[in-house]
Amino acid sequence: MTGPGNSASPYQSSAMPFRTHERPATPDVAEGRGAPAWKARVGQRPMVTVATYPDYLSAQSAVDLLSDEKFPVDRVTIVGTDVRLVEKVLGRMTTARSALAGAGTGAWFGLLIGILLGIFAVGAWWQVVVFAVVAGIVWGAVFGAFAHAMTGGRRDFSSASAIQANTYSVMVEAEYADQARQLLRTQER
């Protein structure tokens, strides 16, 4: 029997771009760079904060403005600081509400399947669509109610989560920082 250390091992072959128990060679590693180009840029070039904004949309607008002015935006990074998860409770979740939500999802899924099957139906294609929608509603409601019942009352509310930061900094590679500041100042006037 041959093992991984034996040169006659079936695991070692000249056709494979990597050795046994090693990561496969991707083009960036095979060429000796060791990381994708974007990772090398972020990790090796000094970045400078050119502007700070209270919300993400303002930071995004600043980068869009730089892009409109033909600035090399691949040299820009938006960094959120003091990041936190905010979960907004939308309401109480009951088995009936879960069944209703499941029925709605099932109706859409049934409509999709019904249309796809209805294309190939001979004669009354609309009956196939109606049956698929009704079946989707029933199965969706059953699945939604069952899924909620299986939580055992541990999560009897619905919510929406969002990640927020206190401030958003637009950072640019140091060699482009003065140009970015000048473009942003020109647009503020």
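In which loop is Asp82 found? Asp82 is found in the loop between β2 and β3 (84–92), where helices (H or I, at least four residues) and strands (E, at least two) are DSSP runs, numbered from the N terminus. The structure is a predicted model, in which local features need pLDDT of at least 70, side-chain atom pairs count only at pLDDT 80 or more, and totals for chains, interfaces and linings use all residues. Residues are numbered from 1 along each chain as its sequence is written, and side-chain values use heavy atoms, with hydrogens and water left out.

Three strands form an open sheet in the order β1-β5-β2, with antiparallel pairing; two strands pair if DSSP finds at least two bridges between them. The edges are held by β1 and β2 (76–81), each of which has a single partner strand, so one side of each is left without a neighbour in the sheet. From one strand to the next, the twist averages 30 degrees. Axes here are lines fitted to C-alpha atoms, for helices over the stretch in contact, and angles run from 0 to 180 degrees between N-to-C directions. Strands of a sheet pair through backbone hydrogen bonds, either parallel or antiparallel. Between β1 and β5 the antiparallel pairing extends over six bridges, and the bridge partner of Thr52 is Ser169 in β5.

Thr49 is found in strand β1. With a relative accessible area of 36%, Thr49 is partly exposed; buried means under 20% relative accessible area, exposed over 50%, and partly exposed in between (1.4 Å probe, protein chains only). Not counting residues up to four places away in sequence, Thr49 touches Ser169, Val170, Met171 and Arg181, where contact means heavy atoms within 4.5 Å. The C-alpha atoms of Thr49 and Ala180 are separated by 10.0 Å, although these residues are 131 residues apart along the chain.

Helix α3 lies across β1, β2 and β5 and runs at about 170 degrees to β2. The largest nonpolar core has 19 residues, of which Phe71, Val170 and Leu184 touch the most other members. A nonpolar core is a set of buried Ala, Val, Leu, Ile, Met, Phe, Trp, Tyr and Cys residues joined through side-chain atoms within 4.5 Å. At least two residues of this core come from each of β1 (47–53), α3 (56–68), β5 (167–173) and α6 (177–188). The most is given by α3, with five residues. In soluble globular proteins, nonpolar side chains tend to be buried together. Phe71 touches Leu66, Val76, Val172, Tyr176, Gln179, Ala180 and Leu183, not counting residues up to four places away in sequence.

Most residues other than glycine have a negative phi, and most peptide bonds are trans. Lys70, in the loop between α3 and β2, has a phi near 65 degrees, a positive value in a residue other than glycine. Lys70 is exposed, with a relative accessible area of 72%. At 55% relative accessibility, Asp82 counts as exposed.

Helix α5 (residues 125–150) has 26 residues and reaches 37 Å from its first C-alpha to its last, close to the 38 Å expected at 1.5 Å a residue; the expected span of a helix is 1.5 Å times one less than its number of residues. Val129, Ala132, Gly136, Gly140, Gly144, Ala145 and His148 are buried in α5, and the buried residues of this helix pack against α4. Just after α5, Gly152 takes a positive phi of about 65 degrees.

Ser98 lies in helix α4 (residues 95–118) and counts as buried at 11% relative accessibility. Ser98 touches Met93, Gly144, Ala145 and His148, not counting residues up to four places away in sequence. The side chain of Ser98 also makes a polar contact with the side chain of His148 (3.5 Å). A polar contact is a pair of N or O atoms within 3.5 Å; within protein, one must be able to donate a hydrogen and the other to accept it, and residues adjacent in sequence count only if both atoms are side-chain atoms. Ala141 lies in helix α5 and is partly exposed, with a relative accessible area of 22%. Ala141 touches Ala99, Gly102 and Ala103, not counting residues up to four places away in sequence.
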